[in-house]
Amino acid sequence: MFTGIITDIGRVRSVRQTDRDRRYEVETAWDTATIDLGASISHAGCCLTVTEKGPGWFAVEVSGETLSKTTLGDWAEGHRVNLERAAKLGDELGGHIVSGHVDGLGRVVSVTPDGGSHRIEIEAPAPLHRYVAPKGSITVDGVSLTVNAVEGATFGLNIIPHTWDATTLGTLKAEDRVNLEIDMLARYLARWQETA
């Protein structure tokens with residue numbers, strides 16, 4: 001489990017296709033001596049398992065299914081990635097409960113300055129848009145955010161300067177694809193209403 005609070009922006013240092021999967025090596029500012037093999041790390045909102053590591057880097061392997069359902073299939077050498085280590089019991093829950101399972105791909109409609117912040121409009125695919133509510137939580141490329149407004153399948157976010165600078169959200173532009181994870185509570189509430 002994760003909280004959607006990004007603690008490092010990694011950089012893809014190598015990409016290699018294996019027989020079945022794709023292997024990424026990711027550079028990080030974290031002390032990799034403190035990362036166990038088999039540890040779960042969120043990469044732009046996608047939970048991946050550490051399979052190898054060295055000083056300042058670690059490797060993950062990504063299945064064809066994950067490559068086809070997330071933005072990870074687009075990654076190349078040099079790509080910057082929002083990283084978060086798995087939450088531990090007793091950690092501060094600064095964002096919201098995030099599973100690291102990407103529900104779908106959103107499309108950035110627009111990015112505009114809004115005072116000292118930036119407003120990002122994202123179109124969510126059907127049926128995910130039904131789970132997005134004003135003042136609710138959503139995860140975009142691994143970042144826990146509060147939805148400001150919803151109009152049809154499009155929702156708006158206000159990105160404060162700290163989040164703009166401390167994540168990869170500051171590089172987004174119209175037509176970019178983003179990994180979306182809807183709020184877990186919204187998902188279960190909607191499912192309950194369907195069966196009630």
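This is a predicted model: local features need pLDDT of at least 70, side-chain atom pairs count only at pLDDT 80 or more; totals for chains, interfaces and linings use all residues.
## Overall form

The protein chain contains three helices and 12 strands. Its C-alpha trace extends over about 45 × 45 × 35 Å along the principal axes. For a chain of 196 residues, a compact globule would have a radius of gyration near 16 Å, and the value of 17 Å found for the protein chain agrees with this.

Among the contacts in the protein chain with a separation of 6 or more, 67% are between residues 24 or more positions apart.

## Surface and charge

Of the 196 residues, 43% count as buried. The accessible surface of the protein chain amounts to about 9,900 Å², and carbon and sulfur atoms contribute 51% of that area.

## Strand pairing around strand 6

Strand 6, which covers residues 80–85, is paired with strand 1, residues 8–17, in an antiparallel arrangement joined by four bridges. Within this region, isoleucine 9 stands opposite asparagine 82 of strand 6.

Strand 6 also pairs with strand 3, residues 40–43; this pairing is antiparallel and comprises three bridges. Here histidine 43 has leucine 83, in strand 6, as its bridge partner.

## The loop between strands 8 and 9

The loop between strand 8 (117–123) and strand 9 (137–140) includes proline 127. The peptide bond leading from alanine 126 to proline 127 is cis, its omega being near 0°. Lysine 135 is in the loop between strand 8 and strand 9 as well. Although lysine 135 is not a glycine, its phi is positive, at about 70°. Most peptide bonds are trans, and most residues other than glycine have a negative phi.

Is lysine 135 buried or exposed? With a relative accessibility of 61%, lysine 135 counts as exposed, because the cut-off for that class is over 50%.

## The loop between helix 2 and strand 12

Glycine 170 belongs to the loop that connects helix 2 (161–166) and strand 12 (177–182). Its relative accessibility is 28%, so glycine 170 counts as partly exposed. Glycine 170 and glutamate 123 are 47 residues apart along the chain, and their C-alpha atoms are separated by 18 Å.

Glutamate 175 is also placed in the loop between helix 2 and strand 12. Glutamate 175, a residue other than glycine, has a positive phi near 85°. The relative accessible area of glutamate 175 is 53%, and this residue is therefore exposed.

Definitions and conventions
Residues are numbered from 1 along each chain as its sequence is written. Side-chain values use heavy atoms; hydrogens and water are left out. Helices (H or I, at least four residues) and strands (E, at least two) are DSSP runs, numbered from the N terminus. The radius of gyration is taken over C-alpha atoms; the globule rule is 2.2 Å times the number of residues to the power 0.38. Buried means under 20% relative accessible area, exposed over 50%, partly exposed in between (1.4 Å probe, protein chains only). Contact means heavy atoms within 4.5 Å. Accessible areas come from the Shrake-Rupley method with a 1.4 Å probe; for residues, only the protein chains shown count as cover. Two strands pair if DSSP finds at least two bridges between them.
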